Amino acid sequence: MGTKKSSNLSRQSTQLSRFSRFKRALRRCVLLSGVAVIAGGACLIGVDRWIAWQTQDNIMTDIDDVSHYQVAVVLGTSKYLGKTLNDYYMNRINAAIQLFHEGKVSNFLLSGDNAHRSYNEPWTMKRDLLKAGIPESAIHLDYAGFRTLDSIVRAKRIFDTSHFLIITQGFHCERALYIAHYHDIQASCLAVAGPTHFSGMSVRVREVFARAKAFVDLYLLNTQPKFLGPKQPITPLHEDNKEPSLEASEPEMTNANPRSQINP
C-alpha cells in the first residue's frame with residue numbers, strides 16, 4: 001500500500017511540475033508576443049512620422065503657391081466607389097484642370113492601373129481632362145502605374161523627367177515624395193482635399209502600413225517598377241498646338257492586358 005501511494009504522489013508531483021513549466025513558458029510567450037507587438041507598433045509609427053517630417057517642406061495645399069511646372073504627375077485612383085463619385089479622384093482631376101488653365105502646368109503624366117478594358121485609370125483621367133479643354137498634346141499616359149513606387153520611378157526613368165509636381169491627397173503626398181527623393185527626383189506635391197462625407201480613418205491606417213512597405217522596398221529589397229522599357233520623353237507643349245482633341249473615346253486596344261499596352 002505504501003509503495004502504491006508513494007507512486008501516485010510521485011506521478012502527481014511530476015504532472016504538477018510539468019504544468020508549472022507549461023504555465024511559465026506560456027507566460028513567457030505571451031510576454032514576448034506583447035513586446036513584439038509594441039515594438040512593431042513603435043516601428044510603424046516611427047516610419048510614418050519620419051516620412052511625414054522628411055517631406056513636409058515640399059507639400060503645398062494652395063494652388064496659388066504653385067509655381068510653373070513643365071510636368072505634373074496625377075496619381076490614379078478609381079473614379080467611382082460603387083455608384084458614387086470618388087472624392088479622391090475628382091479633387092485630383094479638378095486641381096489638374098485648374099493648374100493648366102492658370103498656366104501653372106504645361107503637361108500631365110497620368111499614371112495609374114490598367115487592370116482590364118473596363119477599368120483603365122489613365123484613360124479615365126484623360127477623358128475628363130479633354131472634356132475640360134486640355135489639349136491631347138499635353139496629356140501623357142502611363143499604363144504601368146500599378147502603385148506609387150512604379151508611378152514615381154517610371155516618371156523619371158521612362159518619361160525622362162526628374163523635376164515635376166505630384167497631384168494627390170496630403171497623406172499620399174508624403175509617401176510619394178519620400179520615394180521621389182530617395183530616387184533623386186526633385187518633386188513637390190500639391191495636396192488636394194480628400195472626402196468630406198467621412199473621416200477616411202481606414203485609409204489613413206492603410207497608409208501607415210503602406211509607408212512601412214515603401215520603407216522596406218527602398219532600403220531592404222531595392223524594389224523596382226514592375227515594367228520598364230525605352231524612354232518616352234515628355235516634350236514641351238508649343239503655343240501653336242493647344243487645340244484640344246475632339247475625341248475622348250476609348251483607346252483602340254487589341255488586348256486589355258496591361259502588359260500589351262506598355263513597353264516590355
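Which residues lie nearest the centre of the largest pocket? Select Gly76, Thr77, Arg92, His172 and Arg175, which hold that position among the 24 residues of the lining.

Before continuing, note that this is a predicted model, in which local features need pLDDT of at least 70 and side-chain atom pairs count only at pLDDT 80 or more, while totals for chains, interfaces and linings use all residues. Residues are numbered from 1 along each chain as its sequence is written, and side-chain values use heavy atoms, with hydrogens and water left out.

**The largest pocket**

The space in the largest pocket amounts to about 510 Å³. A pocket here is an open set of points on a 1 Å grid over the protein atoms alone, where a 1.4 Å probe fits, with protein on both sides within 12 Å along at least five of seven lines; lining residues have an atom within 4 Å of a point. The volume is the space filled by probe spheres set on the points, which are joined across faces, edges and corners.

Next, display helices H2 (87-101), H4 (148-157), H5 (170-182) and H6 (201-221), the elements that give two or more residues to this lining. Helices (H or I, at least four residues) and strands (E, at least two) are DSSP runs, numbered from the N terminus. H6 gives the most, with 4 residues. Colouring the lining by class shows 7 nonpolar, 10 polar and 7 charged residues; Asp, Glu, Lys and Arg count as charged, Ala, Val, Leu, Ile, Met, Phe, Trp, Tyr, Cys and Pro as nonpolar, and the others, Gly among them, as polar.

**The second largest pocket**

Move to the second largest pocket, with about 220 Å³ of space. Of its 16 lining residues, select Lys79, Ser118, Asn120, Thr124 and Arg127, the closest to its centre. Helix H3 (residues 121-131) supplies the largest share of the lining, 6 residues.

**Ser151**

Return to helix H4 and select Ser151. Its relative accessible area is 2%, so Ser151 is buried (under 20%, with a 1.4 Å probe and protein chains only). Beyond neighbours within four places in sequence, Ser151 is in contact (heavy atoms within 4.5 Å) with Leu75, Ser111, Asp142 and Gly145.

**Asn107**

Finally, select Asn107 in strand S5 (residues 105-111). Asn107 counts as buried because its relative accessibility is 0%. Show the side chains of Gln70 and His140: the Asn107 side chain makes a polar contact with that of Gln70 at 2.8 Å and with that of His140 at 3.2 Å. A polar contact is a pair of N or O atoms within 3.5 Å; within protein, one must be able to donate a hydrogen and the other to accept it, and residues adjacent in sequence count only if both atoms are side-chain atoms.

Note on methods: Buried means under 20% relative accessible area, exposed over 50%, partly exposed in between (1.4 Å probe, protein chains only).
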